[in-house]
Amino acid sequence: VNKNLAAHVHAHHGDEDFSVESEFSVCFLGTGAGKSSPKRGSSCTALRWSGVTYLIDCGEGTELRSEISRVSKTSIKKIFITHMHADHIFGLPSL
């Protein structure tokens with residue numbers, strides 16, 4: 001692991017502030033619930049690299065969880081879908 005990169009990596013959980021600037025940040029917006037609930041969201045991970053946000057999967061409830069975590073919708077440049085199951089794509093229409 002590159003020590004310089006590791007020093008700048010910050011992991012965030014869904015209820016933490018993702019707007020804090022760092023070179024590379026990861027925010028788990030949902031960790032794999034088949035159906036979104038108040039305590040657990042469908043699959044979605046936000047990666048921020050140099051001020052640009054990328055989403056990996058976009059499950060149901062992504063928009064709400066991104067607002068709670070302060071993941072700016074305007075900073076999202078690309079959304080990557082791992083596979084075409086409902087719990088990985090149902091958040092797309094709201095974004």
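Visitor: Why does Phe-24 count as partly exposed?

Guide: Phe-24 has a relative accessibility of 22%, and partly exposed is the class between buried, under 20% relative accessible area, and exposed, over 50%, with a 1.4 Å probe and protein chains only, so Phe-24 counts as partly exposed. This is a predicted model, in which local features need pLDDT of at least 70 and side-chain atom pairs count only at pLDDT 80 or more, while totals for chains, interfaces and linings use all residues. Residues are numbered from 1 along each chain as its sequence is written, and side-chain values use heavy atoms, with hydrogens and water left out.

Visitor: What makes Phe-24 and Trp-49 an edge-to-face pair?

Guide: Rings of Phe, Tyr and Trp (its six-membered ring) pair if their centres lie within 6.5 Å, and planes under 30 degrees apart count as stacked, over 60 as edge-to-face and the rest as tilted. For Phe-24 and Trp-49 the distance is 6.2 Å centre to centre and the angle between the planes is 80°, so the pair is edge-to-face. Phe-24 belongs to strand β2 and Trp-49 to strand β3, so this pair ties together parts that are 25 residues apart in sequence; strands are DSSP runs of E with at least two residues, helices are runs of H or I with at least four, and both are numbered from the N terminus.

Visitor: Why is the pair of Tyr-54 and Phe-80 called tilted?

Guide: The ring centres of Tyr-54 and Phe-80 are 6.3 Å apart and their planes stand at 40°, so the pair is tilted. Tyr-54 sits in strand β4 (residues 52-56) and Phe-80 in strand β5, so parts that are 26 residues apart in sequence are tied together by the pair.

Visitor: What makes Cys-27, Leu-29, Cys-44, Ala-46, Leu-55, Val-71 and Ile-76 a nonpolar core?

Guide: A nonpolar core is a set of buried Ala, Val, Leu, Ile, Met, Phe, Trp, Tyr and Cys residues joined through side-chain atoms within 4.5 Å, and these 7 residues form the largest such core here. Strands β2 (24-30) and β3 (44-49) each supply at least two residues of this core.

Visitor: How do you know that Ser-50 is exposed and that Asp-57 is buried?

Guide: Ser-50 has a relative accessible area of 56%, and therefore counts as exposed, whereas Asp-57, with a relative accessible area of 6%, counts as buried. Ser-50 lies in the loop between β3 and β4 and has a positive phi of about 55° although it is not a glycine. Asp-57, also not a glycine, has a positive phi of about 70°, and its place is in the loop between β4 and α2 (62-68).

Visitor: Which secondary-structure pattern does the chain follow along the sequence?

Guide: The chain has 3 helices and 5 strands, and read along the sequence these follow the pattern α-β-β-β-β-α-β-α. Buried residues make up 33% of the 95 residues in the chain. Among contacts (heavy atoms within 4.5 Å) between residues at least 6 apart in sequence, 46% join residues at least 24 apart.

Visitor: Why does Ile-79 count as partly exposed?

Guide: Ile-79, which lies in strand β5 (residues 76-80), has a relative accessibility of 33%, and therefore counts as partly exposed.
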